[in-house]
Amino acid sequence: MKQEGNDKVHSILYSGLHSVLQGKRLIAFDLDGTLIDSVPDLAAAVSRTLNELDLDEPSEAEVRDWVGNGAPMLVERALTWALQTAPESAFQERAFQTFMAHYGAAPNALTTLYPGVRQTLRALHDNGLTLVLITNKPARFIEPILNHFELLDYFTLCIGGDSLSEKKPHPLPLLHAADTYQISTSECVMVGDSRHDIAAGKTAGFTTVALPYGYNHGEPIEDSHPDLVLSSLTELLMTVPHATRTA
Ligand SMILES: O=C(O)COP(=O)(O)O
Ligand SMILES: [Mg+2]
C-alpha cells in the first residue's frame with residue numbers, strides 16, 4: 001500500500017474540529033484532486049487511448065485541465081484537442097470504451113493520496129460525522145481506488161458521475177446524500193477542488209470548503225467564492241497550540 005506524502009503529520013495532536021464544522025453532521029468529499037492525485041493515471045489512460053487510435057498524445061498538464069466533468073467529457077476534450085474538431089459520436093464512444101478499459105486496468109499505478117487525507121477522515125469519522133463521497137468519476141472505479149488506499153470504510157455512501165441522472169455541478173448528488181440520511185442541507189458541507197464542487201454545494205445549500213491544490217481547469221478556486229479555502233485537509237482539524245511532533 002502507498003504511503004502518504006507527509007507521514008510526520010500523523011504525530012501532530014488534534015484537539016477538535018475547525019469552526020466551519022460546528023453544528024455540521026454530514027461532510028461530502030470530492031475524490032479526484034481533493035483526496036487523491038489521480039491525474040498521472042488518468043493521463044496515462046488518455047495517452048494509451050489516443051495512441052491506439054493513431055492520434056497525438058497530450059501532456060499530463062493538458063489532461064489536468066480536462067478533468068472535472070467526468071470520464072465521457074475527459075475523452076471528448078482529449079479527442080477535440082487531438083482532432084482539432086469535435087469528434088463524431090461513434091468514434092467518441094469507441095474512444096470512451098478504450099479509455100475505460102485502460103483506466104480500469106491501472107487506476108492506482110501512479111495515483112497518490114494527498115497529505116493528511118487519512119488522518120483527517122479518521123478524525124472526522126471518529127467525531128461522529130457522516131462522511132460521503134461524491135465524485136464525477138464513473139462509479140465502478142470508486143471502490144477499487146478507496147480499497148487500495150484503505151479509505152472505503154470511512155464512507156457510508158459513494159456516488160459516482162454515472163450513479164444518478166445528474167452529476168456535479170448539478171446539486172442532485174448532494175441533495176441525494178442529505179436526503180439519504182434525513183439531514184438538513186444547512187448541516188452539510190461539501191469539500192472539493194473544483195468549481196463544480198463549489199457550484200453544486202452552493203446550489204444545494206451546503207457550506208463549501210475548497211482545496212486549491214487539485215484540478216480546476218487552470219483557474220483559481222477563489223473565483224468560485226467558496227465559504228472557506230484551506231491549504232490542506234488537516235486544517236479541518238484544530239491542532240493543540242504548540243503541538244509537538246513525536247516522530
Ligand atoms: O472524474 C472527474 O472528472 C472528476 O472527478 P471528481 O469529481 O472526483 O473531481
Ligand atoms: Mg475534483
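**Notes on the model**

1. I begin with helix α8: eight of the ten residues of α8 are buried, so this helix is largely enclosed by the rest of the structure. Here a residue is called buried if 20 or more other C-beta atoms lie within 10 Å of its own, exposed if 12 or fewer do, and partly exposed in between, with the C-beta atoms placed from the backbone. Helices (H or I, at least four residues) and strands (E, at least two) are DSSP runs, numbered from the N terminus. The buried residues in α8 are Arg195, His196, Asp197, Ile198, Ala199, Ala200, Gly201 and Ala204, and the elements against which they pack are α7 (172–180), β7 and β8 (207–210). After α8 comes glycine 205, with a positive phi near 90 degrees.

2. A word on conventions is needed before going further. This is a predicted model, in which local features need pLDDT of at least 70 and side-chain atom pairs count only at pLDDT 80 or more, while totals for chains, interfaces and linings use all residues. Residues are numbered from 1 along each chain as its sequence is written, and chains are lettered from A and ligands numbered from 1 in the order in which they are written.

3. The protein chain contains eight helices and ten strands. Its radius of gyration (taken over C-alpha atoms) is 18 Å, close to the 18 Å that the globule rule (2.2 Å times the number of residues to the power 0.38) gives for 247 residues, so the chain is as compact as a globular protein of that length. Of the 247 residues in the protein chain, 40% count as buried, and the C-alpha trace spans about 55 × 40 × 30 Å along its principal axes.

4. The protein chain is divided into domain 1 (7–37 + 111–239) and domain 2 (39–105), with bounds that come from an automatic or database domain assignment. The C-alpha centres of domain 1 and domain 2 lie 26 Å apart. Between them, 15 residues of domain 1 are in contact with twelve residues of domain 2, where contact means that the C-beta atoms of two residues, placed from the backbone, lie within 7 Å.

5. Which residues does UniProt mark as "binding site"? The unreviewed entry places this feature at Asp30, Asp32 and Asp193. These three span 164 residues in sequence, yet no two of their C-alpha atoms are more than 8.1 Å apart, so they gather at one spot. The UniProt annotation "active site", also from an unreviewed entry, covers Asp30. UniProt positions are given in the numbering used here, feature names are shortened, and the annotations may be inferred rather than shown by experiment.

6. Is aspartate 30 buried or exposed? Aspartate 30 is buried, with 29 other C-beta atoms within 10 Å, and its place is in the loop between β2 and β3. Aspartate 32 is found in the loop between β2 (26–29) and β3 (36–37), and is buried with 23 other C-beta atoms within 10 Å. Aspartate 193, in the loop between β7 (188–192) and α8 (195–204), is buried with 24 such atoms within 10 Å. Leaving aside residues up to four places away in sequence, aspartate 193 touches several residues, including Asp30, Gly33 and Thr34.

7. Around ligand 1 there are 16 residues, of which Leu31, Asp32, Thr135, Asn136 and Lys137 come nearest; a residue is counted here if its C-beta atom, placed from the backbone, lies within 6 Å of the molecule. The shell around ligand 1 draws at least three residues from each of domain 1 and domain 2.

8. Finally, some details of the backbone deserve a careful look. A cis peptide bond joins lysine 168 and proline 169, with omega about 15 degrees, and proline 169 is in the loop between β6 (157–159) and α7. Aspartate 54 has a positive phi near 60 degrees although it is a residue other than glycine, and with 7 C-beta neighbours inside 10 Å aspartate 54 counts as exposed. Glutamine 84, also a residue other than glycine, has a positive phi near 65 degrees, and its place is in the loop between α3 (71–83) and α4 (89–105).
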